[in-house]
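I set out to record what I looked up in this structure, entry by entry.

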Amino acid sequence: MTTTQKPSVLFVCVHNAGRSQMAAGYLRQFGGDRIEVRSAGSMPADQINPIAVEAMREEGIDITAEEPKILTTEAVQASDVVITMGCGDECPFFPGKRYEDWKLDDPAGQGIDAVRPIRDEIKARIQALTSDLLG
């Protein structure tokens, strides 16, 4: 009996309150228990952006229980794929990891009409990432 380690993905943005939380919510839905999902921020906010929560609720995904978390070197080391979100973060770099930088508008301070297109772009990217990781 062989066990293959499931791929792990870390989403990083500054506040870990909008983009990275929406991405993590989608990946949990699409990947189920086949992908380990983490998210973090270099300067975590006090709470998740309520508009991001609302935008995800429209998709039937509940991220209300999530909390912004601080980015740690350990989280990066434990992840196979590290996705930063247009924030220019200084993310610890480890050889052999797959890094991607997704240029996405920051939903902070935006209304729902501005957040929906960001959410939809994240969804499309997560669908592509899921099929890439799971074949």
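I located Lys123 in helix α4, residues 112-134; helices here are DSSP runs of H or I with at least four residues, strands are runs of E with at least two, and both are numbered from the N terminus. I noted that the model is predicted, that local features need pLDDT of at least 70 and side-chain atom pairs pLDDT 80 or more, while totals for chains, interfaces and linings use all residues. Residues are numbered from 1 along each chain as its sequence is written, and side-chain values use heavy atoms, without hydrogens and water.

I looked up the exposure of Lys123. Lys123 counts as partly exposed because its relative accessibility is 26% (buried is under 20%, exposed over 50%, partly exposed in between, with a 1.4 Å probe and protein chains only).

I then checked its surroundings. Beyond its neighbours within four places in sequence, Lys123 contacts Tyr26, Phe30 and Glu59 (contact means heavy atoms within 4.5 Å). Ala23 is 100 residues from Lys123 in sequence, yet their C-alpha atoms are 7.1 Å apart.

I turned to the sheet. Four strands form an open, parallel sheet in the order β2-β1-β3-β4 (a pair needs at least two DSSP bridges). β2 (36-41) and β4 (98-101) are at the edges with a single partner strand each, so one side of each has no neighbour in the sheet.

I followed one pair further. β1 (residues 8-13) and β2 pair in the parallel sense over six bridges. Cys13 stands opposite Gly41 in β2.
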